[in-house]
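Grab a pencil and keep the 3D view open while you work through these exercises. Try each task yourself before you read its solution.

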Amino acid sequence: MEKTFNLTRRDDGIAILTMDVPGESMNTLKAQFGPEISEILAEIKSDSSIRGLVLISGKKDSFVAGADISMLDACKTAGDAKALSQQGHVVFNELEALTIPVVAAIHGACLGGGLELALACHQRVCSDDGKTMLGVPEVQLGLLPGGGGTQRLPRLVGITTALDMMLTGKQIRPKQALKMGLVNDVVPQTILLQTAVEMALAGKRAPKPVKKSLVNQVLEGTSFGRNIIFDQATKQVEKKTQGNYPAPAKIIDCVRQGIAKGMQKGLEVEASHFAELVVSKESEALRSIFFATTEMKKETGAEGASPRKVKKAVILGGGLMGGGIASVTTTKAKIPVRVKDISEKGLSNALAYAYKLLDKGVKRRHMTPAARDNLMALMTTTTEYKGVKDADIVVEAVFEDLALKHQMVKDIERECGEHTIFASNTSSLPISQIAEAATRPENVIGLHYFSPVEKMPLVEVIAHAKTSPETIATTVAFARKQGKTPIVVQDGAGFYVNRILALYMNEAAQLLLEGQSVEHLDKVLVKFGFPVGPITLLDEVGIDVGAKISPILEKELGERFKAPAAFDKLLGDDRKGRKNGKGFYQYGASSKKAKAVDESVYGVLGIKPGTNKDAKAVAERCVVQMLNEAVRCLEDGIIASPRDGDIGAIFGIGFPPFLGGPFHYIDTLGAANLVRILEGYQSQFGNRFEPCERLKTMAQENAHFF
């Protein structure tokens, strides 16, 4: 059996322990390594010629990317999970207890269990490479650092900094790591090993005291001050998670108890809390999302087809969407882009948009001005079809007007090559209708981004009946290079995400017209787990955009998509939302940090807000509409699988991740239960709540999606 850990001895008495998991591109920590490490540590202890130890990775671009998450699914009980954490504690404690100096030499990803391994060493040195990142991202999987991280990290970098790292899961760059005392030195990768050896030869040194801000010095120095930190952190966490995620509170408790009662007690608390989180339904849901996205990265989106290489892209339209798409193409995918717009103003907007985003990186010192300018140089502009001949893909982001889009298809077929893909960023027009104007319909596809492009992780890749598999695969690969999570959906009005969102939004609107206040509706759905409430979302997206999409969906999909008629009154009053500073909420200089509702909106709609209904009932009415429609999309073949439906809803509209997505959530609720709820509303409010056939069948057979 090939070993993961190999010990080599140097003449100067320093031993090098290289970790290299056989047959894998990244190092991850696995439970079965325990005995192998213990054996090596025993060997080191018994060899008096070893004066120091350097731990390094045998992988080209990573140190240790974390613990192997599939181990957690193998845990049948909380007891199994606790044993896993305790086994890690034993090994890391043994490493820390070595009397010789132990130095971790870090290059590449050093995350989760990887950072906990490095923390158990006496000193750390990392490379100044862009690939080097340190962090404890466990909270993003509904977990906490279970290998001693909640104890060693605060002792090394201070309580406030450690909590910030553990509660956000953010990744730390080398310079930051040095400044906060997470590493002892940062050097070029070429001399990483040599520096680590020199550190080991110099012997154990007490870590330099971390430079803390005055406030943190005062607060962290006394138990009274520490309690203030923990209470503040708890308050912030509750506000952010709405009590839906158990991990953050448990992280705070591990640190609190460890600092108050000592390392030993802290590790016990950590193992118990870790075990409870592993078996929690929230962590299970978050891990299922992690596995689903990992699995999707291996798929091309079209069976048996391989993507063509995209060397150049053209974006039609320099508006908000066009500018955003151009920006992620140059910045993330590093692919040259030509932006075409009919006006110079549109072009300068697109350039300014991309520059502003890149300049943020310069201001935060994540990027040099020269690197920013090199990326900006990848973006060129034109008002005519010049310099577009060699484009591999054209992304169209012009107005939602079929005649205009037909014109674009014809222009591109005339100006570009026979293989050029024409991808439309339409949010509602069926792609087959856009492709009607094409002589090469196999090259026409939908590529639907969400706004703001640089922040929203999802894109829908929409194939119509004639789109070629190669076009699908190339478009999926292109979206991935832009840093997006693409899901392939079949053609149809609203595709998947906007279709399930529309019914949810309509239901919120109905509740508003029945007398629920704007604040109550938004608050209730944020509490349920959405990032923003439906009324805030309508203001952000634009009331005029919603009004445009509704009739298209109603015409193609039927009566249940009919938007409340009262909404015409909003447009009659020129209320478009944030974009023109007039919507449900107040905008402008006078509006404070917390947005206030523009009370005059009730008069425009001809309603008076009445008493607020029970929060659970309000949220349920909106959410079951979305769940029912998601299953209908699966039934209609719009999405290929429940997995894709879950990913689309979570990344596209912020469906609560701790519920695992609409399909996971239906499994939790039980299909029969959901059908009962829907039928109850159907008898009360009419057929828009009628459960779809597939749900009814599942209810009878007590079936599950997963």
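Predicted model: local features only at pLDDT ≥ 70, side-chain atom pairs only at ≥ 80, totals over all residues.

**Exercise 1. Work out which strands form the open sheet, and which sit at its edges.**

Solution. Start with the order: eight strands line up as S13-S12-S11-S14-S15-S16-S17-S18, with mixed pairing. Here a strand is a DSSP run (E, at least two residues), numbered from the N terminus, and two strands pair if DSSP finds at least two bridges between them. Next, look for strands that pair on one side only: these are S13 (379–382) and S18 (485–490).

Local features need pLDDT of at least 70 and side-chain atom pairs 80 or more, totals for chains, interfaces and linings use all residues, and side-chain values use heavy atoms, leaving out hydrogens and water.

**Exercise 2. Find how S17 pairs with S18.**

Solution. Strand S17 covers residues 458–463, and its pairing with S18 is parallel, over six bridges. Now zoom in: Val459 stands opposite Pro486 in S18.

**Exercise 3. Explore the largest nonpolar core.**

Solution. Such a core is a set of buried (under 20% relative accessible area, 1.4 Å probe, protein chains only) Ala, Val, Leu, Ile, Met, Phe, Trp, Tyr and Cys residues joined through side-chain atoms within 4.5 Å. The largest one has 91 residues, and Leu695 is among those with the most contacts inside it. Helix H26 (residues 615–635) gives the largest share, 11 residues.

Terms used. Residues numbered from 1 in each chain as written. Helix = DSSP H or I, 4+ residues; strand = E, 2+ residues; numbered from the N terminus. Buried < 20%, exposed > 50% of the residue type's maximum accessible area, 1.4 Å probe, protein only.
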